[in-house]
Amino acid sequence: MKYVTNGRGTLPLISLIAMLSVSLTVNLPGLAVSPMLGKLADIFPHASQLEIQLLTLLPNLVIIPMILVSGKITTVRNQTGVLAAGLAIFALSGVLYLFADSMPMLVGLGALLGIGCGLVVPIAAGQLSEWFYGEQKERVLGFKSGTSNGIVILATIFVGWAAGFSWHASFSVYLVPVIPLLLLPFMTNTYIRRHLHEDTPNAFTDLDKTDTKPHKLAHPMVTLAGVIGLYIALTATSMVFTYYLPFTMKHYGLTTSQVGVATAMFYVTAMLGGFSLTPYLRVVGRAGFYVCIIIMTAGLLMLGCFHTMTTYVIGVLLIGLGYGFFQPIIYNKTTEIAPDKALSTKYFSYTLAGNYIALSIIPLVVELFQHIFNNRTADFPYYLNAVLLGIVFIIGIIKRRSFVWDTTPGK
């Protein structure tokens, strides 16, 4: 059996693979539907515009409360059971999608999909934080982020290919949860504890006790609120392109296929950023968030200032790289704030709910400022969010000594 180090000893490689496989599912909701909205509108000509929009919107709306429910009900003892239930519901929705033949059925299955995914999302990060320590925890959380973003590339290609056979076939991408379901026995507490190898005596006698932390946080929930606020700000400003780039590229004469290529580039560099987090932090040290903001701002300005396929791809690559770096840093900070490892999943539920809130507020924020400045040009969303990132950067400079902004590696 092959083993990997976890910062205090070793555990089975198959257990790490099993835990990372859960991250294959967290970015899937809405994926199979988004490229097909126009086609589904033709298939169901009597469906309202609201029903069509709900196919992508409803799963994410349901995920938010279910993430909080998962964090509330999940404990060290029942984590495997909650995870199994979430994956089973997710996979069941994938099976039922293959037989759906009406718009109300598709909308209802979107809610079921959100329930299953919401139960899984915080556990995907929480279980990694329970079994890894220090720099190794930092590294595997980067792998988790890279895995969840990388699967989007493969899934997008698959959805486009499958749609050529049948619109039903595209929904088979929601059967991915079967993979972690099959690997579930290798990520149970019983299996991992049985195969743990300790570097020092009693290193794993009580994994629920507080891990050694360099910061003494008097008010952990207040600190967590700061981390979540930063996560929402960086996610909303970086992901704005997903809403507006198709319209911008069309405005400047580019095709739908070119939009797809440009969007896919985001997930390529987001994946690479996650997998290369540890060397990145070794180079930039405490400036991790600041460098991410600079990279993403440059990407947004590229989208707003230049209007060729090449510059769009470069801009999206830069945004994806910054996103790929900062996302796992946020995950790692969440684990540091949690008073003990038993509460990691609960704290992750708060942080990850912030991610879906950010995705929901993007068009509302842009619409508000478009109304205030009476500016509805194609480039306005990118300039606006570049300015907002600049404001976040200034706040970071003011708060540079705080725990929220410190990205010293290997903590």
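Okay, let's start with threonine 269, which is located in helix α11, residues 256-275; helices here are DSSP runs of H or I with at least four residues, numbered from the N terminus. Quick housekeeping: this is a predicted model, where local features need pLDDT of at least 70, side-chain atom pairs need 80 or more, and totals for chains, interfaces and linings use all residues. Residues are numbered from 1 along each chain as its sequence is written, and side-chain values use heavy atoms, leaving out hydrogens and water.

So, is threonine 269 buried or exposed? Buried, because its relative accessible area is 10%, and buried means under 20%, exposed over 50%, partly exposed in between, using a 1.4 Å probe and protein chains only. Beyond neighbours within four places in sequence, threonine 269 contacts Val316, Leu317, Gly320 and Leu321, contact being heavy atoms within 4.5 Å. A polar atom of the threonine 269 side chain also sits 3.3 Å from the backbone nitrogen of leucine 321.

Phenylalanine 266, again skipping neighbours within four places, touches Met239, Phe241, Val316, Ile319, Gly320 and Tyr323.

Now, the other end of the story. Phenylalanine 373 belongs to helix α15, residues 344-373, and counts as exposed because its relative accessibility is 51%.

Asparagine 374 is in the loop between α15 and α16 (380-398). Its phi is positive, about 50°, although asparagine 374 is not a glycine. For background, most residues other than glycine have a negative phi. Asparagine 374 is exposed too, since its relative accessibility is 71%.

Note on methods
Helix = DSSP H or I, 4+ residues; strand = E, 2+ residues; numbered from the N terminus. Polar contact = N/O pair within 3.5 Å; in protein donor to acceptor, adjacent residues only side chain to side chain.
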